[in-house]
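Please consult the sequence and structure shown here while reading.

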Amino acid sequence: MNEHTKSQNDLILEYLKAGNSLTALTAIFEPFRCMRLGARCYDLKKAGYNVISNWVELPNGKRVKSYSLAL
């Protein structure tokens, strides 16, 4: 399965399993192309993954949610 045939959930889960965190802004771009990261993380939680979210502050002072897998 290449990245063009994987679902958004699969791509996001693979990325989070690698120890990365993800924000909605990052998720918009390839390979994710995801406009609803919160919904995809909800799907992963329902599937039994321990997805956590934290507020992070950007350099411009705005806050966004960052999603990751709990260790």
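Beyond its neighbours within four places in sequence, Arg40 is in contact (heavy atoms within 4.5 Å) with Gln8, Asn9, Ile12 and Cys34. The model is predicted: local features need pLDDT of at least 70, side-chain atom pairs count only at pLDDT 80 or more, and totals for chains, interfaces and linings use all residues. Residues are numbered from 1 along each chain as its sequence is written, and side-chain values use heavy atoms, with hydrogens and water left out.

**Arg40 and helix α3**
- Arg40 belongs to helix α3, residues 37–46; helices (H or I, at least four residues) and strands (E, at least two) are DSSP runs, numbered from the N terminus.
- The relative accessible area of Arg40 is 18%, so the residue is buried (under 20% relative accessible area, 1.4 Å probe, protein chains only).
- The side chains of Arg40 and Asp43 are joined by a polar contact of 3.0 Å (a pair of N or O atoms within 3.5 Å, where one must be able to donate a hydrogen and the other to accept it; residues adjacent in sequence count only if both atoms are side-chain atoms).
- Buried residues of α3 include Leu37, Ala39, Cys41 and Leu44.
- The cover over the buried residues of α3 includes α1 (8–17), β1 (22–23), α2 (24–28), β2 (51–57) and β3 (63–69).

**Strand pairing**
- β1 and β3 pair (at least two DSSP bridges between them) in the antiparallel sense over two bridges.
- Leu22 stands opposite Tyr67 in β3.
- β2 and β3 run antiparallel and are joined by seven bridges; Val56 has Val64 in β3 as its bridge partner.
- Five residues separate β2 and β3 in a hairpin, and Gly61 in the turn has a positive phi of about 95°.

Key. Buried < 20%, exposed > 50% of the residue type's maximum accessible area, 1.4 Å probe, protein only.
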